[in-house]
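I open this notebook to record what I looked up in one structure. The entries follow in the order in which I made them.

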Amino acid sequence: MALRNAVMAALLEGEASGYELAKGFEASVANFWTATAQQIYRELERMAGEGLVAARVVQQERRPNKRLYSLTGAGLEAVRAYTAEVSSKPMALRDELLVKIQSVDAGDLEAVRAGVLERVERSAARLARFERAQQRLLAGRGEGEFLTTAERVGPYLTLLGGLALERANVQWGRTVLQALERRAAAQGSGRSRPEAGPARPALH
């Protein structure tokens, strides 16, 4: 999948500057796509050259002028064409932490355990952020009502994927930590457990 497809998906929310798109990637699209601000700016320029997006300059007092981008008719047609493609490529996964866990029997158990703990804390923080985004999107409505009546459901459905992934990451990470801790105790390592850090959000 090309970055431009993710950019076009984000622009379905309405016109935005490159900076706003980059922030939006961090806040919402991050659960399925990541890109730097520089990558997004470069892609917007290419897309503008191909007529997929249009840009207008907004004059600002006390701030540099900014360019707002929106999808053109050709951009909307590109979205329809992309979603019509049959995707057959499996998701590629290269996870250094999993390689370290695979090697833990001959490696530094304490260091691997600290790495897993860091992953759990990071996933728990993302989970909490996604749960807040979920509540903002629902705005007091039940999920069934929202999915039936909302103008757009795509962002919510992708958010559900992010929620499921981070919940699974947290649960899996805690299982791994418990297993490594039991193994260390059985081996009589006597090493201290890493700091637990802040309280983790409850799993649902």
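I began with a term: a residue is buried under 20% relative accessible area, exposed over 50% and partly exposed in between, for a 1.4 Å probe and protein chains only. The model is predicted, so I noted that local features need pLDDT of at least 70 and side-chain atom pairs pLDDT 80 or more, while totals for chains, interfaces and linings use all residues. Residues are numbered from 1 along each chain as its sequence is written, and side-chain values use heavy atoms, without hydrogens and water.

**The chain.** I found eight helices and three strands, taken as DSSP runs (helices H or I, at least four residues; strands E, at least two) numbered from the N terminus. Along the sequence I read the pattern α-β-α-α-β-β-α-α-α-α-α. Of the 204 residues in the protein chain, 32% are buried.

**Tyr-156.** I located Tyr-156 in helix H8, residues 154-186. I recorded Tyr-156 as buried because its relative accessible area is 1%. I then listed its contacts (heavy atoms within 4.5 Å). Beyond its neighbours within four places in sequence, Tyr-156 touches Gln-134, Leu-137, Leu-138, Glu-143, Phe-146 and Leu-147. The C-alpha atoms of Tyr-156 and Glu-143 lie 9.6 Å apart, across 13 residues of sequence.

**The aromatic pair.** I counted rings of Phe, Tyr and Trp (its six-membered ring) as paired with centres within 6.5 Å, and as stacked under 30 degrees between planes, edge-to-face over 60 and tilted for the rest. The count is one aromatic pair. Phe-146 and Tyr-156 form a tilted pair, with 5.0 Å between centres and 50° between planes. Phe-146 lies in helix H7 (residues 143-149) and Tyr-156 in helix H8, ten residues apart. Both Phe-146 and Tyr-156 are buried.
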